[in-house]
Amino acid sequence: MPHGNTATSPPNKTAILAIILISYVMIVLDISVVLTGLPKIHTELGFSDAGLAWVQSAYTLTFGGFLLLGARAGDILGRRRMFIIGMTIFTIASVAIGASQSSAWMLSWRAVQGLGSAILAPTTLALLQTSFDEGEERVRAVSLYSAAAGVSATVGLVVGGLLADWLSWRIGFLINLPIGIAMVIASRIYIHETDKRPGAFDLPGAVTSTLGMGAFVYGFIRSAQAGWDTTTFATIAAAIIMLGAFVLIERRASQPILPLRLFSDMERSGAYAGRALYISAMVRFFFFTTLYLQQVAGLRPALAGLAFVPATMLHVPIAIIVPRLIRHFGHNTILITGMLIGIVAMAWLSRAGVGSNYWTAVAMPMILIGISQGLTLSPLTSSGVARVAREDAGAASGAVNVAHQIGSSVGLGILIAVAAIGSSGLSGADLTAYRVSHAFNAGTVMLVATLLISLFTIVPAARRQALSQEEAAPAKCAA
């Protein structure tokens with residue numbers, strides 16, 4: 001047994017943080033690395049035009065559906081154990097995807113990969129929360145976590161385009177094998193296992209949340225492809241019924257999979273709603289900008305990937321210095337500034353059209369997008385897990401990831417539906433430019449809604465918390 005596993009040895013926080021960040025980078029990277037490689041995947045595996053959308057949707061469906069189950073499993077069964085299970089599933093699925101010879105095989109394993117991510121994503125955030133003390137130490141760790149997410153999304157597009165043009169899109173998945181093995185070994189050495197929690201597992205809650213989230217995501221994905229027909233309405237209605245049943249079950253469960261007490265805190269509730277809307281606009285920025293660069297600007301996949309570099313120019317340094325900025329200017333000021341910059345950037349991007357100059361219409365607002373993400377994601381994550389009891393760390397992390405996934409999947413469906421309004425009669429580059437512009441207009445509205453939610457929930461709650469800490473400090477010194 002490695003000495004790092006003994007209960008008496010002090011945790012190596014640097015190693016733990018590295019494991020958490022690398023694991024999360026793997027998840028986010030594989031979400032975006034596919035996008036710029038889609039044309040080659042379309043040709044090699046014989047996808048239909050409609051079926052190609054399911055390369056992302058199959059992953060999203062299981063990721064969103066099993067998130068709460070994966071989060072709570074870590075609380076009950078042990079977070080290191082669930083980290084290893086999630087990483088193993090994710091790694092095996094990645095290798096299988098890289099070896100795909102048919103569309104059916106790839107879609108099946110993309111769904112399995114989504115299951116691995118549903119276990120891995122909330123477990124990494126829970127480990128971060130329980131391994132680092134609340135305050136400046138955790139704020140710094142969360143900032144690096146948020147920076148890793150933003151950078152990985154952009155790097156994935158760049159790497160995906162380069163691999164698709166020069167080598168093969170498959171390498172983006174096969175590289176996960178050595179990394180996954182290294183992460184499993186490192187977790188056994190450096191991460192201490194958390195205690196198992198006694199009691200019954202909330203199976204009814206797990207089933208209704210998984211089916212409800214899965215149906216909800218599927219319904220909106222389907223609406224973007226098949227319209228609001230009877231099947232789509234029935235799916236959404238079934239999702240609402242199951243999620244309603246889930247809430248009733250959680251109110252009575254002795255060990256709920258998602259404790260409703262998480263939503264009793266106004267700051268956390270606002271952070272969940274704000275994150276869903278913010279991600280709806282921001283993560284989908286990558287999807288629609290990819291379409292614009294390739295189908296309107298006419299760039300090859302490799303150049304389209306490199307065209308995203310401006311989005312990361314300031315994202316990393318901004319995200320890294322966020323703890324210092326928060327310490328100097330305050331949590332609320334940084335959060336609101338980031339959102340205002342995002343609104344300006346998204347509105348600016350919506351002006352891009354056929355014949356627009358890349359540097360002024362795309363690259364410059366991209367820089368603002370990177371700044372916005374660097375400033376906003378870390379405070380939103382911190383607010384989503386603020387003042388959570390240790391035993392609810394996994395559930396709170398699951399709620400943060402569910403909000404993120406709802407924004408990623410449902411947000412895409414909504415924006416695609418909005419983008420198609422009034423586009424009849426257009427074709428080719430004009431059609432794509434019209435839809436991209438309308439999608440960014442809708443994204444701007446979402447960011448304004450995020451700002452309003454933050455002003456009425458997160459800001460006052462965070463201000464009250466800061467005041468209470470200031471009042472407690474003199475009393476502690478006097479004692």
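A residue counts as buried under 20% relative accessible area, as exposed over 50%, and as partly exposed in between, using a 1.4 Å probe and protein chains only. By that scale Trp105, with a relative accessible area of 41%, is partly exposed.

This report describes a predicted model, in which local features need pLDDT of at least 70 and side-chain atom pairs count only at pLDDT 80 or more, while totals for chains, interfaces and linings use all residues. Residues are numbered from 1 along each chain as its sequence is written, and side-chain values use heavy atoms, with hydrogens and water left out.

## Overall make-up

The protein has 19 helices and zero strands. Both are DSSP runs numbered from the N terminus: helices are H or I with at least four residues, strands are E with at least two. Of the 479 residues in the protein, 56% are buried. The protein exposes about 19300 Å², and carbon and sulfur atoms supply 69% of that area. Accessible areas come from the Shrake-Rupley method with a 1.4 Å probe; for residues, only the protein chains shown count as cover.

A contact means heavy atoms within 4.5 Å. Among the contacts with a separation of 6 or more, 84% are between residues 24 or more positions apart.

## Nonpolar cores

A nonpolar core is a set of buried Ala, Val, Leu, Ile, Met, Phe, Trp, Tyr and Cys residues joined through side-chain atoms within 4.5 Å. The largest one has 50 residues, and Ile27 and Leu128 have the most contacts inside it. Helix 1 (residues 13–33) gives this core its largest share, nine residues. When neighbours within four places in sequence are left aside, Ile27 is in contact with Tyr59, Phe63, Phe90, Ser117, Leu120 and Ala121. Another core lies apart from the largest one; it has 41 residues, including Phe286, Ala307, Ala352 and Ala442.

## A nonpolar patch on the surface

Patches are made of residues with over 30% relative accessible area and no salt bridge; like charges are joined within 9 Å, and nonpolar side chains (Val, Leu, Ile, Met, Phe, Trp, Tyr) within 5 Å. Leu177, Ile181, Ile185, Ile189 and Tyr190 form a nonpolar patch of this kind, with about 420 Å² of accessible area together. Ile185 lies in helix 9 (residues 176–190) and is partly exposed at 48% relative accessibility.

## Aromatic pairs

Rings of Phe, Tyr and Trp (its six-membered ring) pair if their centres lie within 6.5 Å; planes under 30 degrees apart count as stacked, over 60 as edge-to-face and the rest as tilted. The count by this rule is five aromatic pairs. In one of them, the ring centres of Trp105 and Trp109 are 6.0 Å apart and the planes stand at 50 degrees, so the pair is tilted. Trp105 and Trp109 are about one helical turn apart because four residues separate their positions in helix 6 (residues 103–131). Trp109 is partly exposed, at 24% relative accessibility.

Phe263 and Tyr272 form an edge-to-face pair, with 5.4 Å from centre to centre and 70 degrees between the planes. Phe263 is partly exposed at 37% relative accessibility, whereas Tyr272 is buried at 7%.

## Salt bridges

A salt bridge is a side-chain nitrogen of Lys or Arg within 4 Å of a carboxyl oxygen of Asp or Glu.

Glu44 is partly exposed at 44% relative accessibility, while Arg170 is buried at 16%.

In the Asp265 and Arg268 pair, Asp265 is buried with a relative accessible area of 14%, and Arg268 is buried at 5%.

Glu267 is buried at 5% relative accessible area, and Arg387 is partly exposed at 32%. Salt bridges with shared partners join Asp265, Glu267, Arg268 and Arg387 into one network.
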